[in-house]
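Below is a short briefing on one predicted model. The sequence and structure come first, then notes grouped by topic.

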Amino acid sequence: MSVPEIPVAFGLLGPLRVADVHGTAVCIPQAKQRIIMAALLLRANATVSGDQLADALWEDKPPPNAPAAIRTYVARLRKALGQVVPGW
């Protein structure tokens, strides 16, 4: 199965930047969503566990509701990226 090309670009040096194929900036409004995006980009083409995301978000002190919070942040990130990548 081939992986479809995704018409989006990411920048990690300096502030996290996301742009569509035309170079138009895509807003990822919340800091927690940007942290998850950066964590996923740094581990591209690899599985990222909930524990790894929790560590990126809260270091050694995740809240008791960390799994639910991560699901919420990922859903919101998908929604934001869905404006650029239909079907996400």
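**Helix packing and local backbone features**

The axes of helix 2 (residues 50-58) and helix 3 (residues 66-82) approach within 10 Å and cross at roughly 85°. Helix 2 is therefore roughly perpendicular to helix 3, a label for angles of 65 to 115 degrees. Axes are lines fitted to C-alpha atoms, for helices over the stretch in contact, with angles from 0 to 180 degrees between N-to-C directions. Helices (H or I, at least four residues) and strands (E, at least two) are DSSP runs numbered from the N terminus.

This is a predicted model, in which local features need pLDDT of at least 70 and side-chain atom pairs count only at pLDDT 80 or more, while totals for chains, interfaces and linings use all residues. Residues are numbered from 1 along each chain as its sequence is written, and side-chain values use heavy atoms, leaving out hydrogens and water.

**Contact of helix 2 with helix 3**

- Gly 50, Leu 53, Ala 54, Leu 57 and Trp 58 of helix 2 meet Ala 66, Ala 69, Ile 70 and Tyr 73 of helix 3, where contact means heavy atoms within 4.5 Å.
- The residues of this contact divide into eight nonpolar, one polar and no charged; Ala, Val, Leu, Ile, Met, Phe, Trp, Tyr, Cys and Pro count as nonpolar, Asp, Glu, Lys and Arg as charged, and the others, Gly among them, as polar.

**Helix 3**

- Helix 3 has 17 residues and spans 24 Å from its first C-alpha to its last, close to the expected 24 Å at 1.5 Å a residue; the expected span is 1.5 Å times one less than the number of residues.
- Ala 66, Ala 69, Ile 70, Tyr 73, Leu 77, Ala 80 and Leu 81 are buried in helix 3 (buried is under 20% relative accessible area, exposed over 50%, partly exposed in between, with a 1.4 Å probe and protein chains only).
- Seen down the axis of helix 3, its buried residues fall within an arc of 105°, so they line one face; the arc is that of the directions from the helix axis to the C-beta atoms.
- These buried residues pack against strand 2 (17-20), helix 1 (31-42) and helix 2.
- Arg 71 and Lys 79, on the other side of helix 3, are exposed.

**Positive phi in the loops**

- Asn 45 lies in the loop between helix 1 and helix 2 and has a positive phi of about 65° although it is not a glycine.
- Asn 45 counts as exposed, at 87% relative accessibility.
- Glu 59, in the loop between helix 2 and helix 3, has a positive phi of about 55° and is not a glycine either.
- Glu 59 counts as exposed, at 61% relative accessibility.

Note on methods: Angles under 35 degrees count as roughly parallel, over 145 as roughly antiparallel, 65 to 115 as roughly perpendicular and the rest as oblique.
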